Structure formats: C-alpha cells, structure tokens
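Me: I'm new to reading protein structures and would like to work through one with you. Could we go step by step?

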Amino acid sequence: MSDHRCAFANQNHLRQAIEKYLYATSFFYTPANIIIVLLSVTSNMVMAGPQPSKADPKNIQQVQRGELIYKRFCSLCHGRNLEGQPNWHIPKADGKMPAPPHDKTGHTWHHADIVLFNITKHGLAPPHAPKGYQSDMPGWKDTLSDDDIWAVLAYIKSRWPEENLQFQIEANKNYKP
Ligand code: HEC
C-alpha cells in the first residue's frame, strides 16, 4: 500500500539513506564523516517515534471539513447520525455485510487510524480483508484526497465519547503492520 505511514517504513527509508550516504562517502571515511552519520541516525530515530494522528478530533477546522465530506459521501450507507444500517452485523441476502455504524455502537473505534484510512481509501481489500472479499464499501481513492480522508476520520472520531477515543489512541500505539 503506497500510503502506509509507519515507523517501519520510516526506518527503511532511513536505512536506505544511510546506505547511500555510506556508499557515496566510502572513499572518504574521516572521523568527521562518521560523526555526521551518527548524528543523522540518532536524530532520525527520534523523529521515527510515534507519529501524531493525522485525524485530530480536537481540530475544529478539520472536523468541520470532515463533516461536509461525511454527509456527502458516507451518510447514505453509514447513516446521517453515524448509526449504520439496521441489523448491521447480520449478512444480507446477497451474503455481503450491511454498513456498520461509525458511532460508539459500531467497531470503527476498535481500529487504528491507518486501518481506517486504508479501508476508506481502498475499500475492504488485503491486508484488511481476505483477497477477493466481496463488500459494498467503496474505495474512495479516486474521489477523496488523503487530506479529505483524514478529515472525515477526524469528524467520525469527534463523535466518540472520551473512553472510546482513549481506546483508539491505545489501538494506534499497539498497531503492528
Ligand atoms: C455504498 C455504501 C457505503 C458508502 C457510501 C460508504 N460505506 Fe463504508 N462501509 C460500507 C459497508 C457495507 C461496510 C462494511 C463492509 C464489510 O464488512 O464488508 C463499510 C465499512 C466501512 C469501514 C470499516 C468499519 C469497521 O469497523 O471495520 C470504514 C472505516 C468505512 N466504511 C468508512 C467509510 C467512509 C469514511 C465513507 C465515506 C467517505 C464510507 N465508508 C462510505 C458501505 C459504505
């Protein structure tokens, strides 16, 4: 997935950058060079730590933008008040699942940001669903920008009570790709 932002991705970039740097300077190993490499490694390791969420339920501007996007593109299935479709946990006659609520009665808040982002962008596709999984959840990558998707997630999160928000903050910390 091209937009997978995680510490591991950062570490890989970091390693590649260091390898390139070492290669470029391999004819020129002075103590000063080695110190520069060490400094850039440590500063990058600090930066690769937990990233702040890009969907911030306390950011009023982002939430307002997300609300407009939600009403236009998501509410048809997930409900104007985020209530989801009736009997959302029972498969329909066609075997597909109804749209779940995005409020505290659903399970959106069980998932880490990056999972919600990927599902919104690409639909229920691997690695978040089995290959060939049939779902009515569209992928929004051709309609919504990444910033639009983070905004709509900020709006959804702004509707969760504090305890669900806290649960999801932990889910973000514990998420392993
Ligand atoms: C055409 C109906 C439809 C629209 C419109 C729609 N969804 Fe969905 N969505 C679904 C269905 C159905 C599921 C459940 C899919 C499944 O389990 O197979 C779902 C699931 C999801 C999930 C996973 C929730 C979870 O708890 O696992 C997220 C996140 C999501 N939708 C976000 C959105 C967002 C954001 C929008 C608007 C940009 C949107 N959806 C618009 C039908 C829709």
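This is a predicted model: local features need pLDDT of at least 70, side-chain atom pairs count only at pLDDT 80 or more; totals for chains, interfaces and linings use all residues.

Me: How far does α5 reach from its first C-alpha to its last?
Reply: Start from the count: α5 has 13 residues. At 1.5 Å a residue, the expected span is 18 Å. The reach in the model is close to that, at 18 Å.

Me: Leaving aside neighbours within four places in sequence, which residues does Ala 154 contact?
Reply: Ala 154 is one of the buried residues of α5. With those sequence neighbours set aside, its partners are Ala 55, Asp 56, Pro 57, Asn 59, Gln 62, Val 63 and Gly 66.

Me: How many residues of α4 are buried?
Reply: α4 covers 113–122, and its buried residues include Ile 114, Leu 116, Phe 117 and Ile 119. Part of their cover comes from α5 and α6. α4 is largely enclosed by the rest of the structure, because its buried residues number 8 of 10.

Me: What is the phi of Gly 123, which follows α4?
Reply: Gly 123 comes after the helix α4. Its phi is positive, near 80°.

Me: Is Leu 82 buried or exposed, and what about Asn 87?
Reply: Both residues sit in the loop between α3 and α4. Neither is a glycine, yet phi is positive in each, about 65° for Leu 82 and about 50° for Asn 87. A residue needs 20 or more other C-beta atoms within 10 Å to be buried, and 12 or fewer make it exposed. Leu 82 has 21 such neighbours, so Leu 82 is buried, while Asn 87 has 9, so Asn 87 is exposed.

Me: Which helix gives the most residues to the shell around the ligand?
Reply: The shell has 24 residues, and Cys 74, Cys 77, Met 97, Ser 135 and Met 137 come nearest to the ligand. By class, 15 are nonpolar, 7 polar and 2 charged. α3 and α4 each supply at least two residues. With 5 residues, the one that gives the most is α3.

Me: How many helices and strands does the chain have?
Reply: Going from the N terminus, the elements run α-α-α-α-α-α. Of the 177 residues in the chain, 20% count as buried. The totals are 6 helices and 0 strands.

Terms used:
Residues are numbered from 1 along each chain as its sequence is written. A residue is near a molecule or strand if its C-beta atom, placed from the backbone, lies within 6 Å of it. Helices (H or I, at least four residues) and strands (E, at least two) are DSSP runs, numbered from the N terminus. Ala, Val, Leu, Ile, Met, Phe, Trp, Tyr, Cys and Pro count as nonpolar, Asp, Glu, Lys and Arg as charged, and the others, Gly among them, as polar. Two residues are in contact if their C-beta atoms, placed from the backbone, lie within 7 Å. The expected span of a helix is 1.5 Å times one less than its number of residues.
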